[in-house]
Amino acid sequence: MISSNIEEAVILLNDGEVVAFPTETVYGLGAIAFNANAVAKIFERKGRPHFDPLIVHAATTDRAFALCANVTKIAERLAEAFWPGPITLVLPKIESIPDIVTAGLPSVALRVPAHPVAQALLMAVNAPLAAPSANRFGKVSPTTAEHVLQDLGSRVPLILEGGPCQRGVESTIISLMDEHPRLLRPGSIALEEICAIIGPIQAPDANGDIRLSPGQLKSHYAPSTPMQPLSDALPPGKGERVGLLALTSPSIAGYAAIEVLTEAGDLREAATHLFAALRRLDAQQLDRIVCEYAPAHGLGLAINDRLSRGCQPKQTELREPPAPK
Ligand code: TXA
Ligand code: MG
């Protein structure tokens with residue numbers, strides 16, 4: 001059910017239930033982070049593997065840092081620059097955060113969302129909320145309450161209405177667990193903006209342990225329709241129904257459906273529209289979707305990351321990786 005009733009959401013959360021709520025990036029599926037049984041429901045309802053840890057959302061920077069065992073100077077500078085907002089910081093966790101939240105890692109991913117409804121909910125419930133994106137695992141993330149309803153339906157007792165998400169792609173995740181900050185997932189805050197505050201940061205570790213950055217699972221954010229990059233794609237064949245996800249206005253004919261992400265060539269606008277456009281194409285029973293990549297700067301990195309994962313063949317079976325030694 002879609003509702004604007006924050007009090008009801010608080011009652012459900014305190015009762016150990018999950019609630020979907022809007023953030024400026026995508027809608028989240030939240031439970032009180034200290035309630036391990038409630039957090040277990042997030043994994044069940046999403047069909048998410050337990051090795052994929054959750055982001056913990058707090059109302060303020062102070063409350064977020066209270067969940068972490070060691071706040072570094074760099075963390076403080078990033079929080080000051082970007083919180084509330086779409087950056088997630090991975091830091092050493094305090095003992096009392098249940099293992100189910102962090103997939104047994106010694107770290108916790110923290111974020112202070114800016115969306116007024118997320119803020120109101122966090123204040124009213126007066127507890128941190130563990131929340132992944134409110135979609136079935138591996139599918140396209142939801143940027144409206146309606147998307148959540150389509151994906152999760154009766155699996156969620158309440159979806160808080162917050163309008164279409166202003167940012168449209170997930171937060172940028174930075175790990176501060178090592179000496180040098182490392183990008184774990186490009187997202188709504190451009191790398192250039194982050195480097196301007198803390199200097200150069202390390203690229204994602206492509207060969208790294210999947211448990212340390214599980215968002216790096218190859219097929220993630222994928223539509224049900226097969227998708228391929230425009231640069232590799234053959235033009236639509238005779239009788240074939242092909243959809244085009246174009247960055248700016250295309251001059252290519254023959255497509256059964258076209259979505260343009262930004263007429264003006266504004267990458268932030270393109271990011272905002274990305275998931276909704278992908279969902280509209282996915283709903284049209286197309287034979288395939290062809291997508292145009294963005295230039296590799298600013299929000300183009302996050303857009304291309306989601307597109308390239310969406311182009312990977314589906315991982316129909318996900319096995320838990322072997323336990324750490
Ligand atoms: O914008 C967002 O970040 C949204 C909204 C709801 O806040 N959330 C989101 O959550 O995208 P999710 O579950 O789709 O992605 C969370 C990712 C995990 O897949 C993992 O890559 C990373 O965050 N993560 C969480 N905890 C971590 C940890 N302790 N160490 C490393 N990575 C972690
Ligand atoms: Mg997700």
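Predicted model: local features only at pLDDT ≥ 70, side-chain atom pairs only at ≥ 80, totals over all residues.
The lining of the largest cavity has 7 nonpolar residues, 3 polar residues and no charged residues.

Let me turn to the domains themselves. The domain assignment gives domain 1 as residues 2-209 and domain 2 as residues 227-310. Their C-alpha centres are 27 Å apart. As for the contacts between the two, 24 residues of domain 1 touch 15 residues of domain 2.

Next, the interior. In soluble globular proteins, nonpolar side chains tend to be buried together. Here, the largest nonpolar core contains 47 residues, and the members that touch the most others are Leu-78, Trp-83, Ile-87, Leu-89 and Ile-174. Helix α2, residues 36-46, gives the most to this core, with 5 residues. There is also a second, separate core of 26 residues, which includes Val-140, Leu-278, Leu-286 and Leu-299.

Please look at Leu-89 in the structure. Apart from its neighbours within four places in sequence, Leu-89 is in contact with Ala-75, Leu-78, Ala-79, Trp-83, Val-108, Ala-109, Leu-110, Ile-174 and Leu-176. One of these contacts, Trp-83, is joined to Pro-84 by a cis peptide bond, with omega about -5°. Pro-84 itself sits in the loop between α4 (73-82) and β5 (87-92).

I now come to two helices. In helix α10, residues 300-310, how many of the 11 residues are buried? The number is 9, and the helix is thus mostly covered. Among the buried residues of α10 are Asn-304, Asp-305, Arg-306 and Arg-309. The elements that cover the buried residues of α10 include β10 (182-185), β11 (227-229), β12 (242-246), α9 (267-282) and β14 (288-291).

In helix α6, residues 116-125, the buried residues are Val-117, Ala-118, Gln-119, Leu-121, Leu-122 and Val-125. An α-helix has 3.6 residues a turn, so residues three or four places apart point the same way. After α6 comes Asn-126, with a positive phi near 60°.

Asn-126 lies in the loop between α6 and β7. Is Asn-126 buried or exposed? Its relative accessibility is 54%, and because exposed means over 50%, Asn-126 counts as exposed. Gln-285 also deserves a word: its phi is near 50°, a positive value in a residue other than glycine. Gln-285 is located in the loop between α9 and β14 and, at 68% relative accessibility, counts as exposed.

Finally, consider Arg-136, in the loop between β7 (129-130) and α7 (145-152). With a relative accessibility of 30%, Arg-136 counts as partly exposed, because that value falls between the limits of 20% for buried and 50% for exposed. Leaving aside neighbours within four places in sequence, Arg-136 is in contact with Glu-44, Arg-45, Lys-46, Gly-47, Asp-151, Leu-152 and Arg-155. Between Arg-136 and Val-112 there is a separation of 24 residues in sequence and of 23 Å in space, C-alpha to C-alpha.

Notes:
Residues numbered from 1 in each chain as written. Chains lettered and ligands numbered in written order. Heavy atoms only, no water. Nonpolar A, V, L, I, M, F, W, Y, C, P; charged D, E, K, R; others polar. Core = buried A, V, L, I, M, F, W, Y, C linked by side-chain atoms within 4.5 Å. Buried < 20%, exposed > 50% of the residue type's maximum accessible area, 1.4 Å probe, protein only. Helix = DSSP H or I, 4+ residues; strand = E, 2+ residues; numbered from the N terminus. Contact = heavy atoms within 4.5 Å. Domains from an automatic or database assignment.
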